[in-house]
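Please read them beside the coordinates.

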Amino acid sequence: MSVVVGSVSLVGAGPGDPELWTVRGLKRVQEADLVLYDALIDAEALRRLTNAQCFCVGKRAGRASVRQETIYRLMIRAAKEGKRVVRLKGGDPFVFGRGAEEALELARAGIACEVVPGVTTAVAAAELAGIPVTHRGLSSGFLVIAGHAGEAFDASLNAVHPNSITLVVMMGMAVRQVIDERLQTHGWAADSRAALVCGAATRDEWAWTGRLQDVGSATPPEGVPGVLVVGEVVQIREALNAATRDLKINHEEYEEHEAKKTQTL
């Protein structure tokens with residue numbers, strides 16, 4: 001008697017809005033028997049898109065969460081039962097998503113595993129706020145780093161020249177004041193342009209721009225995850241906002257002018 005073994009797809013769900021999922025990612029979710037999803041996934045939207053069993057196994061700072069070893073067991077057991085399993089992760093599975101760890105664990109258990117890349121929040125959050133992580137004449141590269149990484153954080157900063165690239169700090173909202181101080185210790189200017197972007201592509205979307213020295217006094221929404229962006233590229237958001245305001249004013253003036261013409265006729 002042959003044993004039917006299922007498979008696992010590690011699917012990146014992007015920054016928040018299900019419309020930013022990839023075509024393949026959506027297809028895997030629709031075909032799934034079981035979906036194990038992260039805390040940042042829109043659970044209501046997910047359940048509208050699939051008939052699979054859906055369980056939240058996400059982790060949020062300061063809250064009770066499912067142990068990583070338990071997630072391994074759930075995926076492996078379901079796959080050995082012949083189920084098509086989707087591990088649905090915010091952003092991209094391999095960008096601070098522990099996707100590679102899960103892929104290795106599945107491989108050791110003899111489970112077929114597919115990785116479906118997603119739009120990484122490291123780039124998308126800034127982009128959705130009108131901030132490019134690279135821009136000709138301002139920044140030719142960017143560094144993505146975890147704010148809670150301790151010694152690894154300092155080691156990464158030691159590898160780059162201060163204020164030479166765009167810095168994107170993930171999972172660091174709660175310690176942004178500490179990050180500010182550490183960056184300045186490493187030579188980053190206190191008046192470097194900075195932005196906080198929270199809840200990108202969700203109903204809780206919020207953004208702030210200012211200077212690095214002021215990130216600690218900013219007041220982002222409580223409990224909404226976000227990223228810190230440091231670099232001259234932040235000024236692009238300001239330029240876009242100014243141009244948009246001018247466009248709106250010009251449009252309103254045009255509409256008013258046309259309305260007066262109509263009344264005259």
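1. The crossing of α3 and α4 is right-handed. This is a predicted model, and the remarks below should be read accordingly.

2. On the α3 side the contact is made by Q68, I71, Y72, M75 and I76, and on the α4 side by E101, E102, E105 and L106. By class, these residues of the α3 and α4 contact comprise 5 nonpolar, 1 polar and 3 charged.

3. As to geometry, helix α3 spans residues 68–80 and helix α4 residues 99–108; their axes come within 10 Å and cross at roughly 50°. Because angles from 65 to 115 degrees count as roughly perpendicular and those under 35 as roughly parallel, α3 is described as oblique to α4.

4. F153, D154 and L157 of α6 meet I179, R182 and L183 of α7. The contact of α6 with α7 holds 4 nonpolar and 2 charged residues, and no polar ones.

5. The largest nonpolar core consists of 21 residues, and F153, L167, V169, L183, W188, L228 and V230 have the most contacts inside it. Two or more residues each come from β6 (142–146), α6 (151–158), β7 (166–170), α7 (176–185), β8 (193–198) and β10 (226–230). The largest share, 3 residues, is from β8.

6. Which residues does L183 touch, leaving out those up to four places away in sequence? They are F153, L157, L167, W188, L212 and V230. F153 and L157 also belong to the α6 side of the contact with α7.

Note on methods:
Residues are numbered from 1 along each chain as its sequence is written. This is a predicted model: local features need pLDDT of at least 70, side-chain atom pairs count only at pLDDT 80 or more; totals for chains, interfaces and linings use all residues. Side-chain values use heavy atoms; hydrogens and water are left out. Axes are lines fitted to C-alpha atoms, for helices over the stretch in contact, and angles run from 0 to 180 degrees between N-to-C directions. Helices (H or I, at least four residues) and strands (E, at least two) are DSSP runs, numbered from the N terminus. Angles under 35 degrees count as roughly parallel, over 145 as roughly antiparallel, 65 to 115 as roughly perpendicular and the rest as oblique. A crossing is left-handed if the near helix is turned anticlockwise from the far one by less than a right angle, and right-handed if clockwise. Contact means heavy atoms within 4.5 Å. Ala, Val, Leu, Ile, Met, Phe, Trp, Tyr, Cys and Pro count as nonpolar, Asp, Glu, Lys and Arg as charged, and the others, Gly among them, as polar. A nonpolar core is a set of buried Ala, Val, Leu, Ile, Met, Phe, Trp, Tyr and Cys residues joined through side-chain atoms within 4.5 Å. Buried means under 20% relative accessible area, exposed over 50%, partly exposed in between (1.4 Å probe, protein chains only).
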